[in-house]
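User: I'm new to this one. Can you walk me through it?

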Amino acid sequence: MSTETFDAVDIIRVKRDRGTLSPEQIDWTIDAYTRGVIAEEQMAALNMAILLNGMDRAEISRWTTAMINSGERMDFSTLRTPAGLALPTTDKHSTGGVGDKITLPLAPLVAVFGVAVPQLSGRGLGHTGGTLDKLESISGWRAELSNAEMMAQLSEVGAVICAAGASLAPADKKLYALRDVTGTVESIPLIASSIMSKKIAEGTGALVLDVKVGSGAFMKKLEDARELARTMVNLGTDAGVRTVALLTNMDTPLGLTAGNAIEVQESLEVLAGGGPADVVELTIKLATEMLEGAGVRDADVEAALKDGRAMDKWRAMISAQGGDNAAPLPVAKESETIYAQADGVLTALDAMDVGVAAWRLGAGRARRADPVQAGAGVRLHAKPGDVVRRGTPLATMLTDTPERFERARELLIGAATIAPEGSRPEMSLVLDRIDAS
């Protein structure tokens with residue numbers, strides 16, 4: 001005889017019929033699914049009902065809390081510097097894009113100002129790169145840290161980028177894997193609760209969300225991205241985390257690189273006071289938001305990039321995780337350059353095509369267990385707005401396996417749009433800002 005409080009079929013019927021799940025029903029659903037009481041096909045049916053019929057704010061908030069409660073919560077309230085000073089914490093999450101290496105210069109930059117950055121990151125899948133994959137191209141660097149190691153590094157260095165432990169929101173890991181194979185990834189309530197359950201469980205005091213919009217982003221339309229951002233800001237606010245979201249353009253790749261080691265190299269250029277203008281601009285905007293969320297206002301973050309303080313933090317952060325700052329980064333064995341086919345202005349460079357090309361060259365993975373090539377990727381020689389001439393280099397493909405060139409070449413040739421001179425694309429990096437007000 002069953003002693004379960006609810007029945008899975010009844011739960012499914014509520015959302016199928018556009019009803020509202022009670023807090024008790026939601027708590028039981030997440031717990032029962034984690035325990036294996038709710039079958040995969042039953043949760044798949046519920047996910048589809050949520051995709052089609054949605055959830056209200058209270059439902060999404062309770063669903064997120066239930067996923068958090070399936071595991072442990074980290075607590076940084078006792079975090080102190082070696083001198084005994086209390087450290088506020090702040091974090092950033094990006095919904096994923098092409099060439100999005102912003103976390104690398106951002107974490108050490110924010111740490112310069114006495115704010116701890118516990119950045120739990122992931123690996124790439126498909127056309128979007130993973131922060132951990134990029135950093136693992138550094139000799140000796142390790143992503144897996146214990147909670148004690150993470151706390152010690154935050155106290156001593158002020159910044160850590162590492163893998164999330166299996167104990168944070170384990171229900172989300174199981175639920176995400178199911179959504180991935182049942183066509184329910186696109187549900188905004190499920191996306192928002194997936195992201196925010198991990199970020200809230202992480203225990204940060206403030207959070208800045210970088211919600212990508214455009215061809216290379218998960219959210220292609222501005223209105224969808226705005227709904228996702230608003231939902232996540234509400235979830236953070238309801239959980240007592242100071243949360244703000246920036247909607248940023250992902251029609252064009254960020255910077256001039258898409259890959260792993262080559263994105264680390266570009267990040268080092270930014271930390272040295274140079275680097276592509278769009279990467280620098282977004283790094284500064286996000287750092288300013290993160291610091292304000294942590295109570296630090298009027299910080300001159302641009303100066304900290306230029307005078308070497310952020311680079312010093314980067315080196316300390318990498319060394320603390322076993323990385324060799326002096327070791328050369330991996331370089332692909334083979335390369336091939338693609339050239340402009342006409343004179344004019346490069347008016348568009350499709351981020352999705354560039355991201356998939358980098359993936360085909362070996363920089364990304366089709367399945368979570370697949371290996372990646374550290375040196376593979378795409379190096380861009382022009383961005384939208386640049387004048388080009390026939391024969392001008394547009395992009396260089398990098399890989400250890402040259403048989404990959406053909407399929408990547410097709411994409412990169414089609415990614416570029418060249419118009420007659422006089423044309424100038426309208427480019428805005430930050431499209432909107434959403435806060436709790």
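Analyst: Here is a short tour by topic. Keep in mind that this is a predicted model.

User: Let's begin with the sheet. What is the strand order in the open sheet of four strands?

Analyst: The order is 1-4-5-13, and the pairing is mixed.

User: Which strands stand at the edges?

Analyst: Strand 1 and strand 13 (430-434) do. Each has a single partner strand, so one side of each has no neighbour in the sheet.

User: What does the twist average from one strand to the next?

Analyst: It averages 20°.

User: How many bridges join strand 4 to strand 5?

Analyst: Eight, and the two strands run parallel. Strand 4 covers residues 206-213. As an example, D210 has L246 in strand 5 as its bridge partner.

User: Which strands does helix 9 touch?

Analyst: Helix 9 (residues 188-202) packs on the sheet and touches strand 1 and strand 4. Its direction makes about 165° with that of strand 1.

User: Back to D210. Which side chain does it join in a polar contact?

Analyst: The side chain of T248, at 2.6 Å. T248 lies in strand 5, which spans residues 242-249.

User: Is T248 buried or exposed?

Analyst: Buried, because its relative accessible area is 0%, and the cut-off for buried is under 20%.

User: What else does T248 touch?

Analyst: Leaving out residues up to four places away in sequence, its contacts include V211, K212, V213 and L282. L429, V430 and L431 also touch T248.

User: New topic: helix 15. How far apart are its end C-alpha atoms?

Analyst: Only 15 Å. Helix 15 (residues 351-363) has 13 residues, and a straight helix would reach 18 Å at 1.5 Å a residue. The span falls short of that.

User: Why is helix 15 called largely enclosed by the rest of the structure?

Analyst: Because 10 of its 13 residues are buried. Among them are D353, V354, V356 and L361.

User: What do those buried residues of helix 15 pack against?

Analyst: Several strands and one helix, among them strand 6 (257-259), strand 8 (344-349) and helix 16 (405-415). Strand 9 (377-380) and strand 11 (393-399) are also packing partners.

User: Which residue caps the N-terminal end of helix 15?

Analyst: D350. One of its side-chain oxygens lies 3.1 Å from the backbone nitrogen of M352.

User: On to charges. How many salt bridges does the structure hold?

Analyst: There are 24. Side chains of opposite charge can pair when their charged atoms come close. Take K15 and E59, whose side chains meet at 3.1 Å, N to O. That pair links distant parts of the chain, 44 residues apart. K15 is in helix 1 (residues 8-16), and E59 is in helix 4 (residues 57-68). Both K15 and E59 are buried.

User: Where do E263 and K101 sit?

Analyst: E263 is in helix 11 (residues 261-271). K101 is in the loop between strand 1 (90-94) and helix 5 (103-111), so to speak 162 residues apart from E263. The two form a salt bridge, with the closest N and O atoms 4.0 Å apart. E263 and K101 are both buried.

User: Which residues are linked with them in a network of salt bridges?

Analyst: K134 and E266 join K101 and E263 in that network.

User: And R433 with D435, what distance do they meet at?

Analyst: Their side chains meet in a salt bridge at 2.9 Å, N to O. R433 is partly exposed, at 40% relative accessibility. D435 is partly exposed too, at 24%.

Notes:
Residues are numbered from 1 along each chain as its sequence is written. This is a predicted model: local features need pLDDT of at least 70, side-chain atom pairs count only at pLDDT 80 or more; totals for chains, interfaces and linings use all residues. Side-chain values use heavy atoms; hydrogens and water are left out. The expected span of a helix is 1.5 Å times one less than its number of residues. Buried means under 20% relative accessible area, exposed over 50%, partly exposed in between (1.4 Å probe, protein chains only). Contact means heavy atoms within 4.5 Å. A polar contact is a pair of N or O atoms within 3.5 Å; within protein, one must be able to donate a hydrogen and the other to accept it, and residues adjacent in sequence count only if both atoms are side-chain atoms. Two strands pair if DSSP finds at least two bridges between them. Axes are lines fitted to C-alpha atoms, for helices over the stretch in contact, and angles run from 0 to 180 degrees between N-to-C directions.
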